[in-house]
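Good morning, colleagues. I would like to walk you through one structure, going from its sheets to its helices and then to some individual residues.

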Amino acid sequence: MKRPTILVLGAGYGGLSTVVNLQKSLGANAANIVLINKNDYHYESTWLHEASAGTLSPEQVRYDIKDVIATHVDFVQATVEAIDVKGKVVTTNVGTHTYDYLVISLGFEGETFGIPGLDKHALSIANVKAARHIREHIEYQFATWSLDTEKDDSRLTIIVGGAGFTGIEFLGELGNRVPELCKEYDVPYDKVRVLCVEAAPMVLPGFDDDLVKYAVSQLESKGIEFSIGTPVVEATEEGVKIKTGDDEFEFIKAGTVVWAAGVRGNRLIEETGIENMRARVKVDKDLRAPGYSDVFIVGDCALMINEEINRPYPPTAQIAMQQGDMCANNIIALLKGQPTEDFTPDIKGAICSLGSDDAIGVAFGKKLTGKKASFMKKVVDNRSLFLIGGVGLTLKKGKFNLL
Ligand code: FAD
Ligand code: NAD
């Protein structure tokens, strides 16, 4: 009998969790497992704010895919260019692949909501290469400010668009990194401006009030400014325009603009013909794409509604990994002719770091701040390494400055 082919696209949290669970549960001869990813490494997207600020090296946030997959998994380093779910063919820059079961786990892209100039003039914490670019761009601004005889202080202004989890975590890293950069590049600290611009009337909209107050006061104590209720409406080479009133706008000059105001799914989803919202597919309860019994979608390309509040679950690594596990189980069930199971996220909490030594969050229903929250965040970071690569990977890449 022909061995079925399981084709997994993307080696982020969702894709790797799927493959690692398939390889654990299926014998080497039960199926052809093929994993396609753009790079030969996986990166911890959840650590990208650190690589972007320069508080972790890009090398530390990534590891070789070959280190965590079994020899019977066929890894193909390639960029997916098109997914034909009707013809069951995936096209990459190096060839085509057919499948019996397809898992789409191609992750997120920054959402610019069509705001003019952002695509061109703002940087986005999107992947390791983008994070390295942000770090180097900021360092370049500091270095050239030092060199210039006519000093343009706006070079030293960093604007962060969005005070969601990504924006706040990046600001937390900047709070620690800016004093280091000032020392390294002979820049007076008071010349640097770090400003977060948020459209909603509060920082971390929807999060616990007390924890938000703590976060804002900690970040402000590190010199970070907030402009709240003032959406960015345009970006140019010089900076950003924000809306400050009904018909009032302000232009803020800045050498660096980092856009962290939300995510969407991978744009390839929009070309599949599967119904989607901002490249996220409202998947069936067992994680299959509606109308396609052989296509699973996990991670940030999948959308699931939390029926208790009638709103989508946020796209997180926590959910992507749980979906990967369930997706593997459901594919195995189908191979055995058994029924699939429904997926329900098991949300253990949410922790937002404020630099390597501080954080806020809720874990197992308890509110945490400061070192306790920071400790918990590192435990969570290490846990994801452990679940995918075991003790070896955790020891190699884990965070052990726990206090
Ligand atoms: P991704 O992790 O984005 O992986 C997608 C993979 O697909 C990548 O390897 C990519 O290279 C590959 N790929 C993309 N396009 C192609 C292509 N065309 N061809 C081939 N390969 C391709 N969530 C939490 O739960 N906790 C946190 O603490 C947390 N912190 C975060 C911090 C930051 C700074 C950011 C940006 C996000 C954070 N998140 C966090 C959210 C979390 O990172 C995402 O929800 C998670 O990465 C989604 O996993 P995924 O597997 O869907 O996609
Ligand atoms: P988000 O959607 O959570 O937050 C984006 C923020 O940008 C919002 O506060 C929004 O009001 C603001 N915004 C939107 N348009 C704007 C505009 N024009 N001008 C100014 N502000 C604007 O997005 P995110 O922070 O990128 O997070 C993406 C996902 O990743 C979320 O699901 C989040 O929970 C997850 N994440 C989790 C963690 C963690 O658990 N520690 C860390 C980072 C990200």
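I begin with a definition: a residue is called buried under 20% relative accessible area, exposed over 50%, and partly exposed in between, with a 1.4 Å probe and protein chains only. As to conventions, this is a predicted model, in which local features need pLDDT of at least 70 and side-chain atom pairs count only at pLDDT 80 or more, whereas totals for chains, interfaces and linings use all residues. Residues are numbered from 1 along each chain as its sequence is written, chains are lettered from A and ligands numbered from 1 in the order in which they are written, and side-chain values use heavy atoms, with hydrogens and water left out.

Helices (H or I, at least four residues) and strands (E, at least two) are DSSP runs, numbered from the N terminus. Two strands pair if DSSP finds at least two bridges between them.

Let me turn to the sheets. Five strands make up an open sheet with parallel pairing, in the order β11-β18-β12-β13-β14.

Strand β12 (residues 157-161) runs parallel to strand β18 (residues 256-259), and four bridges join them. Isoleucine 158 has threonine 256 in β18 as its bridge partner. Towards β13, β12 is joined by five bridges, again in parallel, and there glycine 161 has valine 197 as its bridge partner. How many residues of β12 are buried? Five of the five are, so the strand is largely enclosed by the rest of the structure. Thr157, Ile159 and Gly161 point one way from β12, while Ile158 and Val160 point the other way.

An open sheet of three strands, with antiparallel pairing, has the order β15-β16-β17. At its edges stand β15 (232-235) and β17 (248-253), each with a single partner strand, so one side of each is left without a neighbour in the sheet. From one strand to the next, the twist averages 25°. For this and later angles, axes are lines fitted to C-alpha atoms, for helices over the stretch in contact, and angles run from 0 to 180 degrees between N-to-C directions. Strand β16 (residues 239-245) pairs with β17 in the antiparallel sense over six bridges, and valine 240 stands opposite isoleucine 252 in β17.

Next, the helices. Helix α1 (residues 13-25) packs with helix α7 (residues 317-335) at an angle of about 35°, and their axes are 7 Å apart. Contact here means heavy atoms within 4.5 Å. Among the residues that meet are Tyr13, Ser17 and Leu22 in α1, and Ala320, Gly324 and Ile331 in α7.

Helix α7 also holds asparagine 330. Is asparagine 330 buried or exposed? Asparagine 330 is buried, with a relative accessible area of 1%. Not counting residues up to four places away in sequence, asparagine 330 touches Asp286, Phe296, Thr340 and Glu341.

I come now to the aromatic rings. Rings of Phe, Tyr and Trp (its six-membered ring) pair if their centres lie within 6.5 Å; planes under 30 degrees apart count as stacked, over 60 as edge-to-face and the rest as tilted. By this rule there are three aromatic pairs. One of them is the tilted pair of tyrosine 41 and tyrosine 43, at 6.5 Å centre to centre and 55° between the planes. Tyrosine 41 is buried, at 9% relative accessible area, whereas tyrosine 43 is partly exposed, at 21%.

Phenylalanine 165 and phenylalanine 207 have ring centres 5.2 Å apart and planes at 80°, so this pair is edge-to-face. Phenylalanine 165 lies in helix α5 and phenylalanine 207 in the loop between β13 and α6 (209-221), so the pair ties together parts that are 42 residues apart in sequence. Phenylalanine 165 is partly exposed, with a relative accessible area of 32%, while phenylalanine 207 counts as buried at 16%.

Finally, the backbone. Most residues other than glycine have a negative phi. Arginine 278, although not a glycine, has a positive phi of about 45°; this arginine is found in the loop between β19 (263-265) and β20 (281-282) and is partly exposed at 42% relative accessibility. Asparagine 310, also not a glycine, has a positive phi of about 55°. Asparagine 310 is found in the loop between β23 (305-306) and β24 (311-312) and is exposed, with a relative accessible area of 62%.
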